[in-house]
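Please read them with the coordinates open beside you.

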Amino acid sequence: MEQKVASSLKILTEADKEACETVRISENEPAIGKKRLFIESYGCQMNFSDSEIVASVMRSAGYATTSDEQNADVIFLNTCAIRDNAEQKVRNRLRHLNFLKLKKPGMLIGVLGCMAERLKTQLLEEEKMVDIVTGPDAYRDLPRLVQEAETGQKGVNVFLSREETYADISPIRLNSNGVTALVSIMRGCDNMCSFCVVPFTRGRERSRDPYSIVQESRDLFEQGYREVTLLGQNVDSYKWENKVNFAQLLEMVAKISPELRVRFSTSHPKDITDEVLYTIKKYDNICNYIHLPAQSGNSRILAMMNRTYDREWYLERIDSIRRILGEDCGISHDLISGFCSETEEEHQDSISLLEYVKFDFGYMFSYSERPGTLAAKKYPDDIPADIKQRRLAEIIDVQQRISLERNQRLIGTVQKVLVEGTSKRSDDDFSGRMDQNKRVIFPRENFKVGDYVNVLITECTAATLKGKALTEVEAVF
């Protein structure tokens, strides 16, 4: 559920959150003698990673991806179900695609992912143009489902697996900059947070064979990639056959090469250990950045959310991060305003949490009740929308101020930046990220994408760092 505003400051506007605006589409690849597949992915990094698996499965069935829906034989929407308006966005998209299908009757339309898993056959009944409905654990079955749909039948597989990790499938990198890549290390979630649909749409937690993760990461490095992000709903609970835990996996990937940066997402406050923190400290190429969702700063609300930790536990984990990794370690958060029965005093506890931790940035939401969740069954959604929005605005205002303060601390420092591409604002500038996941803009000069560049930070906003590249001699002295 990530939408970047301006650059490194990941604060969502309400419109972004309501619509789950992060959308990626597949790219054109050579297609002589092949059918064309258009994939549109919504929401989170896990969805984007899944779409790369889907593209690989369908390539084996004779399909090539396209960025032009008009030319597609098959269109897949890989969906998000985190908020109601995310689903409404997909429904609106389906209505648009219906006009396209009327012009091209042989075209097939499939709904994949979390929304497909949540609504299942209801989608086929309500959205008549949908031919295929597939949950996150059934992507291997897509070629058969497409063949079934080509005969006029509806292709449906929403079976949730306890074993599927897609470990043997080599993802096709979609929207790739050739520098950074996502590597899925586990699937599903066993944390029954009361507000969350993920356990119902992605199934039980299971970890992927670590050797396949290391091999995929090594292959990426040999192909020229210089950063991998290890993905899971809760990476800290990664455990393969009671032999390899997350800290050990991190070390295995870090050892591939000191030139390969390693990131990970998402951590859970109840599970992140000092062993993980010391592993980060041990290896310079494991980034000093941790995304640690808080969701609330109040212990009563956290208990209602079934987060299984309280405010004191969360702050102890923050203190451990600062003690082991230092004050400069980047930390980001998720925070929900207006959860069921939240009082003004409890809202102020979330504000005071921001002030204590000094997060670098955050993903901030107002509470959106999701059917079927524990919260929807147990608690009335009793905070008026205007109060939710006012509290959210207060949270965002505080975070913006703190983000600016955190960025200002970096002026005059030299940061190692991995060049990811051209700046959106000017072709004369490059854009990349530093260790703490902050985006840095600097003149491109003679550098190229994939280079590590030492950049002197000269100015900033709450969202962006700017600087100038240093020569090797300047960087040393």
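This is a predicted model: local features need pLDDT of at least 70, side-chain atom pairs count only at pLDDT 80 or more; totals for chains, interfaces and linings use all residues.

1. T79 belongs to strand β4, which covers residues 74-79. With a relative accessibility of 0%, T79 counts as buried, because the cut-off for that class is under 20%.

2. A polar atom in the side chain of T79 lies 3.0 Å from the backbone nitrogen of M115. Once neighbours within four places in sequence are set aside, the contacts of T79 include the run V111, L112, G113, C114, M115 and A116, and Y42, N47 and V90 are also among them.

3. The largest nonpolar core comprises 70 residues, and within it the residues with the most contacts are L230, F246, Y314 and F339. Apart from this core lies another, of 23 residues, which includes A72, L100, V133 and V158.

4. Taking F339 by itself, and not counting residues up to four places away in sequence, one finds that F339 touches S194, F195, I301, M304, M305, Y367, A375, Y379 and I383.

5. Five strands close into a barrel, in the order β18-β19-β20-β22-β21, with mixed pairing. From one strand to the next, the twist averages 50°.

6. T422 has F430, in β19, as its bridge partner.

Technical notes: Residues are numbered from 1 along each chain as its sequence is written. Side-chain values use heavy atoms; hydrogens and water are left out. Helices (H or I, at least four residues) and strands (E, at least two) are DSSP runs, numbered from the N terminus. Buried means under 20% relative accessible area, exposed over 50%, partly exposed in between (1.4 Å probe, protein chains only). A polar contact is a pair of N or O atoms within 3.5 Å; within protein, one must be able to donate a hydrogen and the other to accept it, and residues adjacent in sequence count only if both atoms are side-chain atoms. Contact means heavy atoms within 4.5 Å. A nonpolar core is a set of buried Ala, Val, Leu, Ile, Met, Phe, Trp, Tyr and Cys residues joined through side-chain atoms within 4.5 Å. Two strands pair if DSSP finds at least two bridges between them. Axes are lines fitted to C-alpha atoms, for helices over the stretch in contact, and angles run from 0 to 180 degrees between N-to-C directions.
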